[in-house]
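Hello,

Here is the structure I promised to pass on to you. Have a look at it first, and then read on for my notes.

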Amino acid sequence: MSKEKVISGIRPTGNLHLGNYFGAVRSFLEMQNEYDCMFFIADWHSLTTNPRPEDIKRSVRTILTEYLACGINPEIAPIYAQSDVPEVLELYLYLNMNAYLGDLERCTTFKEKARKQPDNVNAGLLTYPTLMAADVLIHRATKVPVGKDQEQNMEMMRRYARRFNQMYNVEFFPEPANFSLSEKAIKVPGLDGSGKMGKSEGNCIYLMDDPKTIKKKVMKAVTDNGPTEPNSPKPDVIQNLYTFLEIVSTPETYKYFDDKWNNCEQQFYGELKKQLVEDIVRFTDPIRERIREIEAAPERLDRVLKAGAEAARESARTTLAEVRHIIGFK
């Protein structure tokens, strides 16, 4: 029995942080063994923000290095750069011919991006969902790992698949299903007391951070004056620290500090933070070491991208040949 095909795009937006790891990356590590997975680095998508050429190249190699260091195995789950598969652009053209302006303008992500960059509301930004659909439909994938912010784009992708099938009276494109990461993903909080770790919030611990940087960030984490009643609920800023304990420390360590809170002990936050520094460093050390090893042998990245592009193009050519035939081109 063949495995279901899963496609996931990775935006080249800089270094991975703990939120990325416990959100998407850990799920990808499980999926690559259970499904027929392909992962691509969405460098074309990044053009909507007008990056510099040197930034595009560096970002692709950075994100590839860190995903490999985390354990993505390109021999069973090919990784490729989106721009290495030009067949995607031809399918993007065909899908755009049946992507209506009203639908695209109503897209929530388009309206949000247009509000954030009013001087750069480009056509690529408008047709972002169509390119996203081409990325997935070119491989006739059945599942796509996405967060809640991409649900509307996923519905548009299914609409494009249905529209193509209905227009040409075929059952060619499957309607890809949302593969929710939320069931297994852990929401990693920010160190500034906010509810989520994110690059734009500037509250991240990156997998590449050295121990000195990690210590500096953790020791500055927001706290309060301490518990005032035994067994009382923890305020959000303190629960954030305990969430970190849950994901990087042992159950015994978590219980030790949980008992301190429940017993209303005072002035233990310094001890808690020092323990967190030690445990985060212990967790990230192996990944950081693998990153350094990969960076020391850049030819490996070239081999991975080349092999990934070959696998992706073989799949894409097969789909595109049938699409051309269905539409009526030679």
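Below is what I found, starting with the whole chain and moving on to single residues.

Please keep in mind that this is a predicted model. The protein has 330 residues, of which 49% count as buried. Its secondary structure comes to 13 helices and five strands, and the C-alpha trace spans about 75 × 45 × 45 Å along its principal axes.

**Cysteines**

How many disulfides does the structure hold? The count is zero. As a reminder, a disulfide is a covalent bond between the sulfur atoms of two cysteines. To be counted here, two cysteine sulfur atoms have to lie within 2.5 Å. For Cys 37, the closest cysteine sulfur belongs to Cys 70 and is 16 Å away, so the two are too far apart for a bond. Cys 70 in turn has its closest cysteine sulfur in Cys 204, and because that distance is 14 Å, a bond is ruled out there too.

Cys 37 sits in strand E2, which covers residues 36-41, and its relative accessibility is 0%, so Cys 37 counts as buried. Cys 70 is buried as well, with a relative accessible area of 7%.

Cys 264 has a positive phi of about 65° although it is not a glycine. You will find Cys 264 in the loop between helix H11 (251-262) and helix H12 (269-295), where it is buried with a relative accessible area of 18%.

Asn 169 also has a positive phi without being a glycine, in this case about 55°. Asn 169 is in the loop that runs between H8 and strand E5 (177-180). Is Asn 169 buried or exposed? Its relative accessibility is 71%, so Asn 169 counts as exposed.

**Salt bridges**

The count of salt bridges comes to 22, and I will walk you through a few of them.

Let me begin with Glu 87 and Arg 317, whose side chains meet in a salt bridge at 3.6 Å, N to O. This pair links distant parts of the chain, with Glu 87 in helix H3 (residues 87-96) and Arg 317 in helix H13 (residues 299-327), 230 residues apart. Glu 87 counts as buried at 9% relative accessibility, while Arg 317 is partly exposed with a relative accessible area of 44%.

Next comes the salt bridge between Asp 103 and Arg 163, where the closest N and O atoms are 3.6 Å apart. Asp 103 belongs to helix H4 (residues 101-105) and Arg 163 to helix H8 (residues 151-167), so the pair ties together parts of the chain that are 60 residues apart in sequence. Asp 103 is buried, with a relative accessible area of 15%, and Arg 163 is buried with a relative accessible area of 15%.

Asp 55 is buried, with a relative accessible area of 18%.

**A charged patch on the surface**

There is also a patch of positive charge on the surface, where Lys 111, Lys 113, Arg 115 and Lys 116 gather. One of them, Lys 111, lies in helix H5, which covers residues 108-116. With a relative accessible area of 44%, Lys 111 is partly exposed.

**One more residue**

Finally, take a look at Pro 145 in strand E4 (residues 143-146). Pro 145 counts as buried, at 8% relative accessibility.

Enjoy exploring, and write back whenever you like.

Best wishes

Key: Residues are numbered from 1 along each chain as its sequence is written. This is a predicted model: local features need pLDDT of at least 70, side-chain atom pairs count only at pLDDT 80 or more; totals for chains, interfaces and linings use all residues. Side-chain values use heavy atoms; hydrogens and water are left out. Buried means under 20% relative accessible area, exposed over 50%, partly exposed in between (1.4 Å probe, protein chains only). Patches are made of residues with over 30% relative accessible area and no salt bridge: like charges are joined within 9 Å, nonpolar side chains (Val, Leu, Ile, Met, Phe, Trp, Tyr) within 5 Å. Accessible areas come from the Shrake-Rupley method with a 1.4 Å probe; for residues, only the protein chains shown count as cover. A salt bridge is a side-chain nitrogen of Lys or Arg within 4 Å of a carboxyl oxygen of Asp or Glu. Lys and Arg count as positive and Asp and Glu as negative; His and the chain ends are not counted. The place of a charge is taken as NZ of Lys, CZ of Arg, CG of Asp or CD of Glu. Helices (H or I, at least four residues) and strands (E, at least two) are DSSP runs, numbered from the N terminus.
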